[in-house]
Amino acid sequence: MSNVTSLRVADLPQNAPTSFDLRPAAAALDEIRQDLGLLGLRKLSFSGDVQARGKRDWVLNGKLGATVIQPCVVTLEPVTTRIDIPVHRTFLADWNDPDEPEFEIPEDDESEPLGAEIDPARVMVEALSLALPQYPRKDGAELGQADFTEPGKQAMTDEDVKPFAGLAELRDALKKDE
């Protein structure tokens, strides 16, 4: 995607919000669709505003809408999902990268380092990728049991690999004998 949507922080007014309304053209939609591994992407829109928070930080508030088509995790048939979500990002001038190699970022952290530009289009694609269903499933699609083994041998079932199932049966049998 081109950076035509980038807003130079130095040019943003401190005392009024700067609005944006993105509705990518067909070529940009196709590029986003391919980048996110989607079967289809329609009606993508992202609108909102960017405004100052304090003297050096900025806040982006917006509403993301899209219709996405993904393969079903069971049948690989197309699954259509409508996404309509609020998006919030805080761009911090005093951003500190964590020093710890195993640092975990909280799920609800919407903070980012403030650079020379704020790009609503980049935020749009990021928010869309985070909002995609991880395991899209067509209505009624269920995984059956698949049994695999060498020819001539008995296949292990899901029940066979539950070690405590046998103990429960043994316990119940012992209780009957008492």
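Strand β4 (57-71) is largely enclosed by the rest of the structure, because twelve of its 15 residues are buried, where buried denotes under 20% relative accessible area, exposed over 50%, and partly exposed the range in between, computed with a 1.4 Å probe and protein chains only. The model is predicted, so that local features were required to have pLDDT of at least 70 and side-chain atom pairs pLDDT 80 or more, whereas totals for chains, interfaces and linings use all residues. Residues are numbered from 1 along each chain as its sequence is written, and side-chain values rest on heavy atoms, with hydrogens and water left out. Helices (H or I, at least four residues) and strands (E, at least two) are DSSP runs numbered from the N terminus, and two strands are taken to pair if DSSP finds at least two bridges between them.

Strand β4 belongs to an open sheet of five strands, arranged in the order β2-β3-β4-β5-β6 with mixed pairing.

Strands β3 and β4 run antiparallel and are joined by twelve bridges, with Gly40 having Ile69 of β4 as its bridge partner. The hairpin of these two strands has three residues between them, and Gly54 in this hairpin takes a positive phi near 75 degrees. On the pairing of β4 with β5, 14 bridges were found in the antiparallel sense, and Gln70 has Val79 in β5 as its bridge partner. The hairpin of β4 and β5 has six residues between the strands, and here Leu76 takes a positive phi near 70 degrees. Strand β5 (residues 78-92) pairs with β6 in the parallel sense over three bridges, and Leu92 stands opposite Pro113 in β6.

Helix α2 (residues 120-131) lies across β2, β3, β4, β5 and β6 and runs at about 130 degrees to β5. In helix α3 (residues 163-177) lies Phe164, which is exposed, with a relative accessible area of 63%.

Technical notes:
Contact means heavy atoms within 4.5 Å. Axes are lines fitted to C-alpha atoms, for helices over the stretch in contact, and angles run from 0 to 180 degrees between N-to-C directions.
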